[in-house]
Amino acid sequence: MKYFWLLYKNLWRNRRRTLLTLSSIAASLFLITSLLTLLEEMRNPVQTPESALRLITRHKVSLFNSLPIAYREKIAKVDGVEGVMGSMWFGGVYKDPSNFFGQFAADTDKFFLINADMKVPEDQKEAYLKDRTGCLVGNTLVDRFGWKIGDRIHLQGALFQFDPELTVRAIYEGGGDLGGSLFFHWEYFNEGLNNAGFTGTYTVRARSVEEIPQIAERIDAGFQNAPVPTKTETEKAFLLGFISMLGNVQLLITSICSVVIFAIILVAANTMAMSIRERSREIGILKAVGFQNNLVLRLLLAESVLLSLSGALIGSLAARGLYSALNLPVLTSGFLQRLYVSPRILAIGVAIGLGVGLVSAGTPAWRASRRPAVEVLRRVG
Amino acid sequence: MKIPLKYNVGSLWVRRVGTLMTALGIGLTVAIFIVMMALVQGLDSTFVETGRPNHLIVIRNGSLNETNSYFNRDLLQTVRLLPGIRPSSSGEPRAAGEILVVINHPRVTGEASNVIVRGTSPLGLELRPDLRLIEGRWFRRGLREVNVSRSLSRRFQNMGLGDTLHMSRSEWKVVGIFDAGGTAYDSEVLTDAEDVAQDWDRPIYTSLLLEAADAAAAQEITRRIADDRRIHLQAISQREYFRGQMVSSVGIKALGGFIALVMGVGSCFAAMNMMYAAVMSRTKEVGTLRALGFSRWSILTSFMVEAALLAVAGGSLGCLMALPIHGLSTGTANFITFSEILFNFRITPRILGEGMVFAVAVGLVGGLLPASRAARLRVIDALRD
């Protein structure tokens, strides 16, 4: 630590070069942090103690096939099931097809038991349950479309020939989708379709997390030989199914990150090589006054690490600050609900900074530290 | 007076390690830019190249695409009899009723995705001239047989020739592999409409595909279908229909733009660093050039040219590094049909050009400040340095 001042002075001697290198590393780490966070958000859907208890039962063939409403009672009787809620993806159009968000026609009786992680004022809950054509909307949708309690919402059916006329009765925050969807009464939907009597999926609340695998098995076993077989999985697995549809995003993002890391090593190595070359005489003097080779090496490496670590921290923290300040759902039309730069990702950023610092200064620092002082000092320059 | 280019090339060569590192840095940025653009291009051109203008897709009014449309089968008769449909060799109107279903099926890598299964007929196959059978034979009615595209058969489990595929209630045999010429139909399993209707218990059509005699007839048919309130259908040109699915690439486009922007900024700083170092180490040379009579403007252009050269070297490296991904097959989610769409990375000359422009822009922005600093040097100070 006693050499910190020396490192600082050395870095600051060519202020412009240091700042440019710092900015370049910061920009790269900003990018890496953003990409890793995006990947993490995709791979790890929001987890709450409530969502860990939820299972989703769908038609075995695909989500495009619906389930009979009679299944609700059968699933409710399965051992370990605390509550069942049918819900149907409505997929309608609000004003324009580009206003995309989740719309579900959901059973109401067990709704707030199953979605206990949604924050809704009690009076609004009641108002929603009482109004057959009422709807419950997420707070990020409220931000996007400027809705308020009592507003009328007209949805145009795309999958179904039914255009619901809804009234906003309640607004929720949180939940598994961080306030990004709209829910309305399944009964109203069913009437609109002349009592067609089907739903899309069943959301099941398990008694305990431990029992989840057995419950899933029991539910599917009950319908194994029925005309409509089912597939039950945890809510997390269900959501990850959508991500896997996007293809190999993980490979794409990790390859981009490695290329970026390689690029910053080049930038930092260039800087350190220039800076060490300019100073070879000075390094000779340090050694002449008694600095050991290893100390010189350590000082040079430390200087490089200090530079890239600072750049990495600036970049990663900038990403963290920026994404927590921006209203992402509004800016990206609901495409991104949030980007939370976790401590784990910050740690990765720091590790990259450390590694880049060591690798980039490695060769020139080693050479400079091994060069006999006499040789350097003899040179006229 | 212009400073010769040779001078710049020589200067870059003198500091070749630094030059190479900076150029490589710019090259990597350009390579990533090209890869992302090739991804977008491949996906978009799949949709652009699917469909012919005089072919019409008829779906239920209000539904946005084939996967969420459905209507009574009788309507095929109503539509078939409209005037202006091109007759087939046997004199029948060329209009085929089709039923689309989606299965959730595991890829070779294990994770599952949605795949479109299209129930069609020999007439439906005939209406898609891009389809080419490359192995086996076409499906026959009543036998639960399917044809799979080559790309699908490579990407999904149990989709090779002779394999058996479990769908809905039956086992379906893969009797042939086809190639749809890089169109969106390369992402589909084709089989008989009747068999699908039975197995899925859906006695409906999801869409009709018909061929109008000419553009005017296509317009007339579209208008008639829209005006007939009883049938509640809409006709869309097959070409427009698939172009509408290009929104699937917006996510990749946005991500690619963001990555290119941030990496471009980072590379600008690196190029600036390099050019400042070049200017600083050549202060005396600049002074000499000025003393010889070269103007400030010549000095500025000379350094800008040098930065551009550095960037061109980087850009070319980037293009070379990106080229091997051309033609690589991949797939992602089609946002409209909510199922897998397969396509190839496609690097076009235009993308390479854009990559070079991007590189040169990075070089010029990075070179501007150092070059203007060099131009502003006073002869006397520079020579004394």
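The model is predicted: local features need pLDDT of at least 70, side-chain atom pairs count only at pLDDT 80 or more, and totals for chains, interfaces and linings use all residues. Residues are numbered from 1 along each chain as its sequence is written, while chains are lettered from A and ligands numbered from 1 in the order in which they are written.

**Helix H14 of chain A**

- H14 spans residues 343-370 of chain A, 28 residues in total; helices (H or I, at least four residues) and strands (E, at least two) are DSSP runs, numbered from the N terminus.
- From first to last C-alpha H14 reaches 39 Å, close to the 40 Å expected, the expected span being 1.5 Å times one less than the number of residues.
- H14(A) has a kink of about 55° at A:Gly362, shortly before A:Pro364; the bend is the angle between axes fitted to the seven residues ending at a residue and the seven starting there.
- Buried residues of H14(A) include A:Ile345, A:Gly349, A:Ile352, A:Gly353 and A:Val356 (buried: 20 or more other C-beta atoms within 10 Å; exposed: 12 or fewer; partly exposed in between; C-beta atoms are placed from the backbone).
- An α-helix has 3.6 residues a turn, so residues three or four places apart point the same way.

- Most residues other than glycine have a negative phi.
- A:Asn195 has phi near 50° and sits in the loop between helix H7 (186-192) and strand S10 (198-199) of chain A.
- A:Asn195 is exposed, because 8 other C-beta atoms lie within 10 Å.
- B:Phe338 has phi near 60° and lies in the loop between strands S13 (329-334) and S14 (339-344) of chain B.
- B:Phe338 counts as buried, because it has 20 C-beta neighbours inside 10 Å.
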